[in-house]
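Me: I'd like to learn how the words used for a protein model are backed up by values. Could we go through them one by one?

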Amino acid sequence: MTRHLEWKVGLDLVEDGGRTRAEAHLDTGTSTLTGHGTARCNPADVDVPAIGDELAASRAMKDLAGQLMREANREMEAVGADTVPRRTGPGYGWPEAVS
């Protein structure tokens, strides 16, 4: 059975006084999550707004990804499945099958 879903991700960036704030919004159609990220320009560095945008956006998306992974872990535990052990690294994806 083929299943096709479309999840929408939006990213809002606001820069003010050398500090950039980002919010990444995920809408799955049944729930929403929001990740947050910030970046600031060191006063000794050249101000390149695009770098602040990239850093804040990536941090917001990393926060969003962590929330999504924690939600998946909660749902897996609720149905009695093992989650990826935390000691083996970041724990992204399904664990490999053992033969």
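Me: What makes V46, V48, I51 and L55 a nonpolar surface patch?

Reply: In this predicted model, V46, V48, I51 and L55 make a nonpolar surface patch of about 340 Å². A patch takes residues with over 30% relative accessible area and no salt bridge; like charges are joined within 9 Å, and nonpolar side chains (Val, Leu, Ile, Met, Phe, Trp, Tyr) within 5 Å. The areas come from the Shrake-Rupley method with a 1.4 Å probe, and for residues only the protein chains shown count as cover. I51, for example, has a relative accessible area of 44%, and that is over the 30% asked for.

Me: What is T20 in contact with?

Reply: Contact means heavy atoms within 4.5 Å. Leaving aside neighbours within four places in sequence, T20 touches L13, V14, E15, G37, T38, A39, G52, D53 and A56. T20 also belongs to the covered face of β2, together with A22, A24 and L26. The uncovered face holds R19, R21, E23, H25 and D27.

Me: How do you know which parts are helices and which are strands?

Reply: They are DSSP runs, numbered from the N terminus: helices are H or I runs of at least four residues, and strands are E runs of at least two. This chain comes to 1 helix and 3 strands, in the order β-β-β-α from the N terminus on.

Me: What makes β1 and β2 a pair?

Reply: Two strands pair if DSSP finds at least two bridges between them. β1 and β2 are joined by 9 bridges and run antiparallel, so they meet that rule. Two examples: K8 stands opposite D27, and G10 has H25 as its bridge partner. β2 and β3 (residues 32-40) also pair antiparallel over 9 bridges, with A22 opposite G37.

Me: Why are β1 and β3 called edge strands?

Reply: The open sheet has 3 strands in the order β1-β2-β3, with antiparallel pairing. β1 and β3 each pair on one side only, and they are the edge strands. Neighbouring strands are turned by 15 degrees against each other on average, direction ignored. The angles are taken between axes, which are lines fitted to C-alpha atoms (for helices over the stretch in contact), and run from 0 to 180 degrees between N-to-C directions. Helix α1 lies across β1, β2 and β3, at about 145 degrees to β3.

Me: How do you know that E6 and K8 form a salt bridge?

Reply: A salt bridge is a side-chain nitrogen of Lys or Arg within 4 Å of a carboxyl oxygen of Asp or Glu. E6 and K8 come to 2.6 Å, N to O, so the pair qualifies. E6 counts as exposed at 54%, while K8 is partly exposed at 49%.

Me: How many salt bridges are there, and what makes E71 and R74 one of them?

Reply: The structure holds 2. The closest N and O atoms of E71 and R74 are 2.8 Å apart, so this pair is within the 4 Å limit. Both lie in helix α1 (residues 49-78), 3 residues apart, about one turn of the helix. E71, at 29%, is partly exposed, and R74, at 48%, is partly exposed too.

How values were computed. Residues are numbered from 1 along each chain as its sequence is written. This is a predicted model: local features need pLDDT of at least 70, side-chain atom pairs count only at pLDDT 80 or more; totals for chains, interfaces and linings use all residues. Side-chain values use heavy atoms; hydrogens and water are left out. Buried means under 20% relative accessible area, exposed over 50%, partly exposed in between (1.4 Å probe, protein chains only).
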